[in-house]
Structure formats: C-alpha cells, structure tokens
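Colleague: Could you put the model up and talk me through it? I'd like to know the terms as we go.

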Amino acid sequence: QRQQNTAAHPTLFSTTTTGHTTMLNLSPEDTQPGPEEPPLSFQPATSSVSGGSVDEQADPESAQLLQQTRKRRYRKPGLVLGALSSLAVVVISTDARGYLPFSTASSALADGPQRRLDSGRRAESKKELLERYRHWREDTHYKTERVRQSLAKERSAIAAEHKLTTGFDNLDLEGAEVNFMMPKRPHSRAKLSWGESLLPEESEFESTIEENPWIESARTWRDTGARKKQKLVVIGGLPRSGSTLLEVFFSRYEEYVSFLKFPPNNQNTMEGLDLGHWPGELLGYGGSGQFYRKMCGVDEEGKLARKTLHRTGRQKDLVDRTRKASFDAWKSWNFSKPVLVEKDPPNLLRMQLFEKVFGETHDVFPIFTLKHPLEIGSAYDCDPHSEERLEITQNWLNCHTPWIHDLKFLRNYLVVPYEAWFLNITEVVTTISRYLNLPVPHDEGRRLVLWNPSKHFKLDRTAYAPCYRSHPEKFKHIHKSLASMEKDYLKYGYDLTNSAIFKQPNSFVLCKLDGKPCSDLAL
C-alpha cells in the first residue's frame with residue numbers, strides 16, 4: 001500500500017532528513033485525491049513547528065488531534081503513531097520544541113477472504129488458548145495442593161513443638177522461673193545503645209597494627225560506613241551445657257552474624273581453639289573427661305589443677321601473644337558483618353582475658369551456658385546417688401566458683417541456662433536478640449527445631465531433665481554428700497532435689513550491660 005501511495009503522490013511522500021529528524025514535504029496540492037482514490041474527508045491543515053490551524057467544523061477529529069499534539073509538544077521528542085478511524089495520522093518530532101502533525105488517507109484493512117482467513121486463525125488460536133488454560137489450571141491445582149500440604153505439615157510441626165514449651169508430663173515445675181529482665185532497647189539499631197562503643201578513628205588507637213593486628217579488622221568494618229564497634233560474641237560453658245545450641249541458634253542470623261570456617265574434618269566441635277597456633281598457656285582444657293575432673297579438678301590447696309584454664313589477662317605478654325595468635329587463627333571471619341561469633345568451653349573462665357585482647361577494637365559480648373550438674377554429661381550415669389554424679393557435682397562447683405567471681409569484672413555478659421530453652425524459649429530468644437541489638441525473629445523462638453549445615457537439633461521433651469525422669473524418687477532423697485552442697489547450688493538457681501526446675505540465682509544476675517544489671521537499664 002505504501003508503494004502504491006508513493007507512486008500516486010511522489011511529492012506527498014517525499015521526505016527530507018535533517019539530523020535525527022525525518023520530515024514530510026507537504027503542500028496543499030499534494031493532498032488532492034488521485035484518479036483512483038476516494039476524496040479526502042478533510043481539508044489540509046497549515047502546520048508549522050510552532051502551531052497550525054484546522055477547520056473544526058470540516059474536520060473535528062483532526063482538530064482534536066492537533067489540540068492534543070500541542071499539549072504534548074514539550075514532552076520528549078519522538079515518533080508517535082496513532083490510528084483515528086479510517087485516518088492514519090503520524091506525528092513526527094521536528095526538533096526539541098514541538099511536533100509536526102500530518103495525516104493521509106488509508107485504504108480498507110482487509111477484504112472478505114482475508115476476513116475469513118483471520119476468522120479461522122482466531123478459531124485455532126481460541127482452541128489453543130483453551131488447551132493452554134486447561135494445562136495451566138491442572139498445573140496450578142497441583143502446585144496449590146502441594147503448598148497446602150506443606151503448610152499443613154509445618155503448622156502441625158509448629159503446634160507440636162510449641163506445646164513443648166507450655167507444659168511437661170510427669171514433671172513438677174512448681175517454682176520454675178526464667179526472667180532475664182532484659183528491657184527493649186530505646187533506640188534504633190543504628191544508634192549507640194547499651195553495651196556499645198564508638199569505633200575509634202585510625203589515629204585514636206593506642207596500639208600500632210604491629211602490636212594489635214585486630215586494627216586491620218576494625219579498618220574493614222569502618223569501610224562499611226560503621227560508626228559503632230563490631231561486636232565479638234564469645235560463648236563459653238562446660239562441655240554438654242548448651243553452647244552448641246547457641247551456635248546453631250545464631251545460624252538464623254546469616255545477614256548479621258559471621259562464623260569461623262573449619263576444615264571438613266572438623267565439623268563437630270567447631271571450637272575456636274582448634275584453629276591456628278596458640279600460646280601454651282591457653283592450650284588444653286581437659287573437656288568432660290573423667291567426670292569433668294580433667295577440666296575442673298582441684299589440687300591440694302583447693303584451686304583448679306589445670307593452670308591454663310583460668311586466665312584473667314593480667315599478664316600483658318599473654319595479652320599481646322593472644323592478639324596475634326587469635327588474628328592468625330580467626331581470619332576466616334567476615335569482618336564486614338556486625339557480629340562475630342566464637343565458641344569454646346574454656347571461654348567460661350577467660351572472658352576477662354578476651355576483654356583486654358579485643359577491647360581496643362571490638363565490643364565483647366560474652367554469653368555463658370549453664371546446665372544442672374545432675375543432668376549435664378549425658379554419657380554418665382543418671383543416678384544421683386552414683387559415684388559418677390557425686391564427682392561431677394563437685395567438679396561443677398570447682399569451675400563455677402571462680403566464674404562467679406569473674407562476672408563482677410565484666411562489662412557485658414548474658415547467662416543462658418539450658419533449662420530456659422524449654423521453660424520459656426520465647427524469653428530466651430527475645431533476650432539474646434535484644435542483648436546483641438539484633439532483630440527479634442518473627443517466630444519469637446517458639447520453634448525448638450534449630451539446625452545449620454553441619455548439625456541438626458530437634459529438642460523434645462526427652463531432652464529435658466532425662467535423669468530426673470528416670471530416677472524421680474532418688475532425687476527426693478538425695479545423698480548426704482549432695483545435701484551438703486544444696487545451699488551452694490541455690491546461688492546458681494538449681495535445686496538438687498529437682499533438676500527439672502530453674503529459679504532465679506541469688507548470687508548473680510543473668511544479664512548485664514555497661515556494668516549494670518539489665519533490669520536497671522530502663523530506669
């Protein structure tokens with residue numbers, strides 16, 4: 001059709017190209033009908049870049065189009081193609097100031113055979129669309145059913161796990177209480193809050209980077225735009241007391257928390273001392289071997305026999321060597337994340353040392369784990385009258401007596417009893433999140449299924465106070481040796497006659513920030 005029109009009206013369809021703009025050379029004579037064309041239904045409009053005129057009575061549609069074009073003249077220049085009834089109207093930009101409207105006649109779009117052909121194609125397209133819709137509906141129904149089944153299974157799991165935190169069969173929980181008294185932080189996470197410090201400028205560090213290589217990690221953290229110090233979470237507690245449970249819990253904070261990376265042959269313990277080369281004064285803590293005697297046994301003077309276990313950081317030489325050894329061993333941390341996490345059982349008695357090692361570059365946030373001495377160490381005999389349990393109970397006190405003394409000198413700390421995960425897991429999760437100034441998970445910890453790529457934990461009722469369940473009568477009539485330590489254990493919130501309950505300790509608070517009990521922070 002374009003070729004026919006061009007041959008009939010060479011002047012009308014001749015073009016002039018200037019820069020990026022193509023203009024049609026129009027004249028009133030060029031708009032006269034040819035011998036084989038129907039007469040045009042409008043008079044030619046005198047158009048220019050700045051405006052034009054159209055007889056509104058003779059051609060109201062073209063006048064309306066021209067008016068709309070004038071309204072768009074200051075828009076971005078370009079090619080606009082429109083169809084107005086049987087008229088084909090093209091608007092082409094002449095320059096940055098406006099548009100040049102023009103119009104021409106067009107022939108019929110299709111004849112009879114073409115219409116029948118189009119009708120057949122539409123019928124085929126309709127059949128194809130119906131078939132595609134049927135397949136889509138079946139596929140959608142299948143996917144919807146799978147999602148519905150998956151959600152129903154998840155709801156059942158959540159309901160079953162949430163039931164664990166609301167009550168326990170055959171357990172006397174009267175007097176059990178878990179209250180960390182951690183208030184909600186008054187400011188947003190971007191502002192300085194309890195337990196946090198400003199990140200020093202490069203010139204404000206007291207040590208050089210040779211003396212303290214952790215300044216390099218502080219530089220990386222500052223490059224992210226941070227103004228507060230990076231948090232270093234150090235987890236410590238007797239083996240089998242719940243420290244790994246904390247590590248797995250932190251795995252839900254991948255956006256905020258960085259863990260150490262371990263080789264494939266060390267995916268079970270995942271303890272910081274397993275990496276690198278450390279000073280001899282920090283090596284070997286004994287573990288839970290020989291009823292915890294290797295770790296917490298005492299000498300003739302009643303002091304811990306393992307001298308490498310309890311470290312307060314008073315020796316400056318040890319502080320300097322620990323800085324260099326820890327930086328070489330823990331380089332696998334992502335220093336651009338706000339929280340770095342490390343766990344090791346001997347950290348229970350080394351928090352003062354870590355505050356001096358990392359205090360210049362990081363805010364240290366210790367987290368301690370506790371577990372009832374008659375329940376800790378599942379590999380040992382559960383009978384509270386057995387020689388094994390009697391020795392474990394004494395060794396437990398040997399390690400935690402100096403620990404209570406260390407708590408007085410720590411700026412920040414949080415104590416998380418193992419029993420609290422069962423008695424009030426929502427309180428535990430909320431407290432940990434507020435303690436570290438992290439967002440509280442949406443489920444508020446109601447689910448007791450915690451996992452990471454290398455470990456999977458599913459806590460159920462059988463994991464809570466199994467020794468008390470198996471020997472309830474023997475717990476009511478405790479051994480004379482245990483009776484002599486009963487008052488000592490009340491300091492920690494434990495009752496030796498009922499290992500299923502935890503009460504508020506009377507010798508220390510469970511949470512402290514900036515040297516104050518968390519219960520006093522909101523005052």
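Colleague: How many helices and strands are in the protein chain?

Modeller: The protein chain has 15 helices and 16 strands. Of its 523 residues, 45% count as buried, where buried means under 20% relative accessible area, exposed over 50%, and partly exposed in between, using a 1.4 Å probe and protein chains only.

Colleague: What pLDDT does the protein chain average?

Modeller: The average is 77, and 67% of the residues score at least 70; pLDDT is the predictor's confidence in each residue, from 0 to 100. Over residues 12–34 the pLDDT stays under 50, and it is also below 50 over residues 73–110. Where pLDDT is low, the predicted coordinates should not be read in detail.

Colleague: Now α11, why do you call it largely enclosed?

Modeller: Because 8 of the 11 residues of α11 (residues 425–435) are buried, this helix is largely enclosed by the rest of the structure. The buried ones are Ile425, Val428, Val429, Thr430, Thr431, Ile432, Ser433 and Tyr435, and they pack against α5 (243–250), β11 (362–370), β12 (413–417), α10 (420–423) and β15 (511–513).

Colleague: And which residues is isoleucine 432 in contact with?

Modeller: Leaving aside neighbours within four places in sequence, isoleucine 432 is in contact with Leu246, Phe249, Phe250, Leu414, Val416 and Trp421. Ile432 is also among the residues with the most contacts inside the largest nonpolar core, together with Phe250, Trp403, Trp421 and Phe508. That core has 101 residues, a nonpolar core being a set of buried Ala, Val, Leu, Ile, Met, Phe, Trp, Tyr and Cys residues joined through side-chain atoms within 4.5 Å. Helix α9 gives the most to this core, with 8 residues.

Colleague: What do the buried residues of α6 pack against?

Modeller: They pack against α9 (387–407). In α6 (residues 289–296) the buried residues are Tyr292, Met295 and Cys296, and because they fall within an arc of 75° seen down the helix axis, they line one face of the helix; the arc is that of the directions from the helix axis to the C-beta atoms.

Colleague: Back to α11, what comes just after it?

Modeller: Just after α11, asparagine 437 takes a positive phi of about 60°. Asn437 is also in contact with serine 193, as is Arg185, leaving aside the neighbours of serine 193 within four places in sequence. Serine 193 is in the loop between α3 (112–164) and α4 (215–223) and, at 8% relative accessibility, counts as buried.

Colleague: Where is alanine 465 found, and is it buried or exposed?

Modeller: Alanine 465 is found in the loop between β14 (455–458) and α12 (466–470), and at 5% relative accessibility it counts as buried. Its phi is near 50°, a positive value in a residue other than glycine.

Methods. Residues numbered from 1 in each chain as written. Predicted model: local features only at pLDDT ≥ 70, side-chain atom pairs only at ≥ 80, totals over all residues. Heavy atoms only, no water. Helix = DSSP H or I, 4+ residues; strand = E, 2+ residues; numbered from the N terminus. Contact = heavy atoms within 4.5 Å.
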